[in-house]
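Hi everyone, thanks for making time this morning.

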Amino acid sequence: MDVLHLRPEQIIAMVDYPPLHCPEALERYYDRFRADATDISPIPVMGTDLALAYFQRQAGRYASYGQILEAFLAGHPSTTNFMLEGFHRSAAAVLAGKPIPCVAIAADGDLEEINASGRAINLHGDYTTITRAMVSVTEELRELEANFNRHRKFWTIEEKVRVMVSNGDVPESVRRMSG
């Protein structure tokens, strides 16, 4: 499976901040990106077309946030993907001035390939306590849609990191290096 390298304005982020759940993980990833590490697990992303088609099939729920999403997409024409996991990794890449390593998930077979490959790709990240494997595109879309239905807010990784920085939630060692 190929690793894509995306810019932060291309990826729509989950609404799971604030708070920054693990500043230590952000720091570790940041140090690895600064050192040009090549073994950082890519973040799983799903194309906006695939996600939008699923969201729209949830007609009653989509009605509560669809106009907000459509206005967001119109104002952010370079967005191409939704992030499924990986805010610490993506934020660290942004703060280190690096592209974000991603793996595109479009079908269950993509998840099966990653899970069976024996490669060191942990879709939940390298510093996580999450043990649930990603096995179903439908389940990931369900969770993604539930997140946006609950929050009715959309932002890119770039915007999310900007808020994190302005809130002072970047660890001191990262602020010194990226500031």
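This is a predicted model: local features need pLDDT of at least 70, side-chain atom pairs count only at pLDDT 80 or more; totals for chains, interfaces and linings use all residues.

The mean pLDDT of the chain is 87, and 89% of its residues reach 70 or more.

Now please find helix 4, residues 87-95. This helix is largely enclosed by the rest of the structure, because 8 of its 9 residues are buried. The buried set is Phe87, His88, Arg89, Ser90, Ala91, Ala92, Ala93 and Leu95. Just after helix 4 comes Gly97, with a positive phi of about 75°.

That brings me to backbone angles. Most residues other than glycine have a negative phi. Which way does Asp36 go, positive or negative? Asp36 is not a glycine, yet its phi is positive, about 60°. You'll find Asp36 in the loop that links helix 1 (23-34) to strand 3 (43-47).

Arg152 is another one to click on. Its phi is positive too, near 50°, and Arg152 is a residue other than glycine. Arg152 belongs to the loop between helix 6 (137-151) and strand 6 (155-156). Is Arg152 buried, partly exposed or exposed? Buried stops under 20% and exposed starts over 50%, so at 35% relative accessibility Arg152 counts as partly exposed.

That's my tour, and I'm happy to take questions.

Technical notes: Residues are numbered from 1 along each chain as its sequence is written. Side-chain values use heavy atoms; hydrogens and water are left out. pLDDT is the predictor's confidence in each residue, from 0 to 100. Helices (H or I, at least four residues) and strands (E, at least two) are DSSP runs, numbered from the N terminus. Buried means under 20% relative accessible area, exposed over 50%, partly exposed in between (1.4 Å probe, protein chains only).
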